[in-house]
Amino acid sequence: MRVWLGWLALVLVLSVGLAQQRTLTVSGFGLNQNLIDKNITRPFEARCNCKIVWEVGNNADRLAKLAARKDNPNVDVALLGDYFAQLAANQGLLERLDTSKLSNLNELYDFAKNPLGGNFAVAFTTYAISIAYRTDKITTPITSWRDLWRPELKGRIALPNITTTQGPPVVWLVNRAFGGTDTNVNPGFERLSALKANVVTYYNQSAQLAGLFAQEEVWAAPVGRFAWGNLLATGKPLAWARLSEGQAGVSNVAVLVKGSRNQELAYQFIDFIISREVQTAQANDLVDSPVNRNVRVSADKAAQLTYGLQQIASLRTVDPDYIIKVRDAWIQRWNREVAR
Amino acid sequence: MLSQSPARLAAWILLSPALLFVAVFFLLPVVALLLESFHVGQTYGLNNYLAFFADDFNREVYWRTLWISLLVTLVSALVCYPAAYAVLKINPRWRGLIIGLIILPLMTSPVARTYTWLVVLGREGIVNKSLIETGLLQEPLRILFTEWAVFIGLLQLMMPLMLLSLVSAMENLPKDVVPAARSLGASEGQVFWRVILPLTREGLVVGGTLVFTGCVTAYVTPALLGGPRVTMLATLLYQKAGVTVDYAAAAVISVVMLLTTLLVNFLLRGRAAKTARAA
């Protein structure tokens, strides 16, 4: 009997000990996860005496999962592209943030503090979308979206598929470059349809695009700045186009999932990733461009990032509400007219 | 009679864990899926199906899936009949090794295998490089991200299934039937069509069904080797379920996939029965 009680006591002690090791589940992108683990996961775990479990995938997949688990969420914090976060907010999947719990919030650029309105999100990075291209193969620099239609690029470019996060912003930008408006996207779609001969394929992940550059399949492609580090790692001579139409900016935001059972930890995590220390480390590894005003990086690094108030102010932000409204129709139209 | 029923009861008891598992984790979801595909607002009807097939893009995807899968099934049958025959002629000591080599591709991850094809079929890949160096081509062929890349990838993926089914069917072929047919004056063609084919029909049906079903439902190969330009039912299904969250269309696609594979299995069986009767 006494032995039995002893075992019971041991089990109780162990389970209390395990319960103290809290777990925070974060839904993230997966790109550069090894660097994210170095800059965020391990330092945060050391600080909070907790464990971070990452659930990774692209925005669309992860949003679908959040919606499917609405009544019994398994994710505490989600990192999403801004218009996907807006979709999540519209579907009632997000908690409004109590910004008084974010001590680093005041160090952020103003646009990053409440990018969706309603305090549903805090931006932790913003990135420009432009065209990356091979400087050895394309000797006349690319300076406009219209340059993608050059005949010498026949079979040499890749476009982000419409279902990716960059897909709709690229359609929006091309449409504007060819004189379309938000209510008339025919110019954009007509020109994209005529671009078929130049397009090798429509990529679904930026990691896939790095492979296409590495294997000499592709010489030029519209892409988000966050992928630049991976593209440079291919060892090919690449340049980032300075487009006369200006660059478009998309932000990635952190949100608190409604029904999260680890809210205190979730706030600490969000506060941590917008801190000067983490934002500097992420910038130096070319993972994410910083939105914390106090981050300082070398001129050399700055040239590889979307960095500094001046550059950020020059970005044309794509309105998340507009993208949400048109996205399904654009996917249908793209399937039919462009990727065919 | 009485002595039989306890044995029967025992059989049912032994079967019940498997039956329960299949019922809960397979049959129920399939029924739910079937119902979902007919769900229109508050009622049930064919509207989801009509809407799906009214769209010429969806019809194109369906036909593409059908013809690529049928072509892969046909070509693998044509290639595997002589190969299976040859495998059986090999010294039994080596046969184990050969069969092992045939199974090897099935043991590698489909993602790794497909990425290898990306390198092989690419513009700067082995195929194009050797064709250009031997002077057969001036310009690299565009294979990657076309229907042919999907065909090649699926053929490599599915051929072992056909080969193994045919090898095991031929192993059961009585040793004397081929010499007997020859001694009765049958030509090589007659030996194949009137003797070997009818007697190995089960292998062809099994192999054909596995290959065809595998092709219709394959996701990684069309997604990576074909891309958005070569949308197949499986990749369209993913887009509907995972991206646009259109579960009605996703359910329709699943049911269409299921019915198509059942139909092809039925046709293969019918064909097999006919050749069996003819023999």
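Mentor: Start with a term: two residues are in contact if their C-beta atoms, placed from the backbone, lie within 7 Å. Also, this is a predicted model: local features need pLDDT of at least 70, side-chain atom pairs count only at pLDDT 80 or more, and totals for chains, interfaces and linings use all residues. Residues are numbered from 1 along each chain as its sequence is written, while chains are lettered from A and ligands numbered from 1 in written order.

Trainee: Among contacts in chain A between residues at least 6 apart in sequence, what share joins residues at least 24 apart?

Mentor: That share is 76%.

Trainee: What secondary structure does chain A have?

Mentor: Chain A has 14 helices and 11 strands. These are DSSP runs, numbered from the N terminus: helices are H or I with at least four residues, strands E with at least two.

Trainee: Switching to S5(A). How many of its residues are buried?

Mentor: In strand S5 (residues 122–134) of chain A, 12 of the 13 residues are buried, so the rest of the structure largely encloses it. Buried means 20 or more other C-beta atoms within 10 Å of the residue's own; exposed means 12 or fewer, and partly exposed is in between, with C-beta atoms placed from the backbone.

Trainee: Which strand does S5(A) join through seven bridges?

Mentor: Strand S10 (residues 248–257) of chain A, running antiparallel. There, A:Ile129 stands opposite A:Ala248. Pairing needs at least two DSSP bridges between the strands.

Trainee: What about S8(A) and S9(A)?

Mentor: Five bridges join S5(A) to S8 (residues 220–224) of chain A, also antiparallel. A:Ile131 faces A:Pro222 in that pair. With S9 (residues 238–240) of chain A, S5(A) has three bridges in the antiparallel sense. A:Ala132 has A:Trp240 as its bridge partner there.

Trainee: What is A:Val122 in contact with, leaving aside neighbours within four places in sequence?

Mentor: Its partners include A:Leu97, A:Leu102, A:Val253 and A:Ile270. A:Val122 is also one of the residues touching the most other members of the largest nonpolar core, which has 156 residues. Such a core is a set of buried Ala, Val, Leu, Ile, Met, Phe, Trp, Tyr and Cys residues joined through C-beta atoms within 7 Å.

Trainee: Which helix gives that core its largest share?

Mentor: Helix H7 (residues 147–171) of chain B, with 16 residues.

Trainee: And the interface: how many residues of each chain are in contact?

Mentor: 15 residues of chain B are in contact with 19 of chain A. On the chain B side, helix H12 (residues 233–243) gives the most, three residues.

Trainee: Last one: is H10(B) mostly covered or uncovered?

Mentor: Mostly covered, with 12 of its 17 residues buried. B:Leu204 and B:Phe212 are among them.
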